[in-house]
Amino acid sequence: MPEKDIDTINRQQQRRKRINRIKNGIIITIASWMLISIATIIILVVQVVGLNQKYKKINAMVTSLDTSETEDTEQNDKYANVVTGIDTEDNMYQEGDQRKGYLTFDCIPNENTNVILDALKELNVKATFFVTGDDSEEAKAIYRRIVNEGHTLGMLSYSNSYSKIYSSTDSFLEDMQKLQDYLREVTGVTCKYYRFLGGSFNEISDLNMAEFVHVLNENQIVYYDWNVNAGDTGASYTVDDVVMNVTQGVSHYKNSVIRLHDSNHNQKTTEAITTLVNALKEADVDVLPIDESTYKVQYIKADSVD
């Protein structure tokens with residue numbers, strides 16, 4: 001075969017290869033666009049379905065709110081005699097007023113409690129301890145020491161369990177009476193002061209807290225929230241933080257119920273007692289234990305719950 005014909009054949013083969021490559025490129029491009037389009041359509045369909053489901057849920061919620069309006073009204077009527085919010089207008093400090101400060105400890109009896117009691121004894125100051133239940137001999141000795149040294153012994157719950165005491169009014173009453181009976185047996189004192197775990201304004205209880213306030217009222221037990229918080233529950237608070245939080249807080253009120261914590265996790269609180277008490281005395285604040293004459297700092301006041 002002549003060389004010229006061979007060159008011609010080679011050129012034709014190369015041309016065919018180029019054409020085939022172009023065809024394949026076009027096919028791949030078209031196929032890719034088709035796949036992208038299909039994927040986009042699928043995504044849009046899924047989003048539309050999701051939005052439709054959300055719409056149905058929102059619509060159901062609105063319907064539920066509409067149908068429960070009567071129930072809400074009945075619930076509000078039930079608590080018509082309940083006042084929420086710490087009313088401080090008559091307790092705001094005015095120049096010339098004598099300030100009173102009540103050191104109160106949410107107390108899980110522990111080795112720090114004795115250190116706090118030692119400091120208070122040295123300072124000749126009385127405080128209030130809202131305690132949890134503990135049947136160990138060490139805890140019993142602490143309960144007795146609190147009473148014998150002239151401090152006020154209050155109740156914080158026997159179990160120290162939110163889920164247990166707030167599950168029902170019966171569970172709450174059972175826990176409270178168990179602690180009251182136990183402390184009477186150990187110390188000879190019938191405790192008549194109480195503090196709710198998390199305060200009466202906690203958002204953990206599924207029941208209206210006024211129900212539990214009513215239980216206390218029926219049993220002639222007075223509960224105390226607080227209007228000054230030491231801020232001693234964080235991981236990195238310092239002695240200076242405790243002193244600053246308390247002294248700034250008490251500057252606003254005639255009667256300050258000061259919340260501190262006493263557990264194994266509150267070492268800085270223990271270390272702060274002497275500095276804190278001295279700072280309060282320098283600010284002309286009388287440091288006292290809670291008694292029958294103490295101003296009631298309460299977030300929820302419920303004279304009756306039908």
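Predicted model: local features only at pLDDT ≥ 70, side-chain atom pairs only at ≥ 80, totals over all residues.
Me: How many salt bridges does a search of the whole structure find, and which residues are linked in a network of them?
Reply: The search covers the whole structure and returns eight salt bridges. Some of these residues are joined in a network, whose members are Asp106, Arg195 and Arg259.

Me: How many residues apart are Asp106 and Arg259, and in which strands do they lie?
Reply: The side chains of Asp106 and Arg259 meet in a salt bridge, with an N to O distance of 3.0 Å. The pair links distant parts of the chain. Asp106 belongs to strand E2 (residues 99-107) and Arg259 to strand E8 (residues 255-262), a separation of 153 residues.

Me: Is Arg259 buried or exposed?
Reply: Buried means under 20% relative accessible area. Arg259 has a relative accessibility of 12%, so Arg259 counts as buried.

Me: Why are Asp181 and Arg184 separated by about one helical turn?
Reply: Asp181 forms a salt bridge with Arg184, and the closest N and O atoms are 3.0 Å apart. Asp181 counts as partly exposed at 42% relative accessibility, and Arg184 counts as partly exposed at 32%. They are separated by about one helical turn because they stand three residues apart in helix H6 (residues 169-187).

Me: Which residue meets Lys192 in a salt bridge, and where does that residue lie?
Reply: The N to O distance in the salt bridge between the side chains of Lys192 and Glu292 is 2.7 Å. This pair links distant parts of the chain, 100 residues apart, with Lys192 in the loop between H6 and strand E5 (193-194). Lys192 is partly exposed at 35%, whereas Glu292 is exposed at 63%. The residue asked for is Glu292, in the loop between E9 and strand E10 (300-302).

Me: Which residues touch the most other members of the largest nonpolar core?
Reply: The largest nonpolar core has 71 residues. One of the residues with the most contacts to other members is Phe129. Leaving aside neighbours within four places in sequence, Phe129 is in contact with residues including Phe105, Cys107, Ile116, Leu117 and Asp262.

Me: How many disulfides does the count come to?
Reply: A disulfide is a covalent bond between the sulfur atoms of two cysteines. Among the cysteines, Cys107 counts as buried at 0% relative accessibility, and Cys191 is buried at 1%. With a cut-off of 2.5 Å between cysteine sulfur atoms, the count of disulfides comes to zero.

Me: What is the phi of Ser157, and what is that of Asp284?
Reply: Ser157 lies in strand E4 (residues 152-157) and is buried, with a relative accessible area of 0%. Asp284 is in the loop between helix H9 (267-282) and strand E9 (285-288). Neither residue is a glycine, yet both have positive phi: for Ser157 about 120°, and for Asp284 near 60°.

Me: What is the accessible area of the nonpolar patch that Ile22, Ile26, Ile30 and Met34 form?
Reply: One of these residues, Ile30, is placed in helix H1 (residues 3-67). Ile30 has a relative accessible area of 46%, so it is partly exposed. Together, the four residues of this surface patch have an accessible area of about 400 Å².

Note on methods: Residues numbered from 1 in each chain as written. Heavy atoms only, no water. Patch = residues over 30% accessible without salt bridge, like charges linked within 9 Å, V, L, I, M, F, W, Y side chains within 5 Å. Areas by Shrake-Rupley, 256 points an atom, 1.4 Å probe, with all protein chains shown as cover. Helix = DSSP H or I, 4+ residues; strand = E, 2+ residues; numbered from the N terminus. Buried < 20%, exposed > 50% of the residue type's maximum accessible area, 1.4 Å probe, protein only. Core = buried A, V, L, I, M, F, W, Y, C linked by side-chain atoms within 4.5 Å. Contact = heavy atoms within 4.5 Å.
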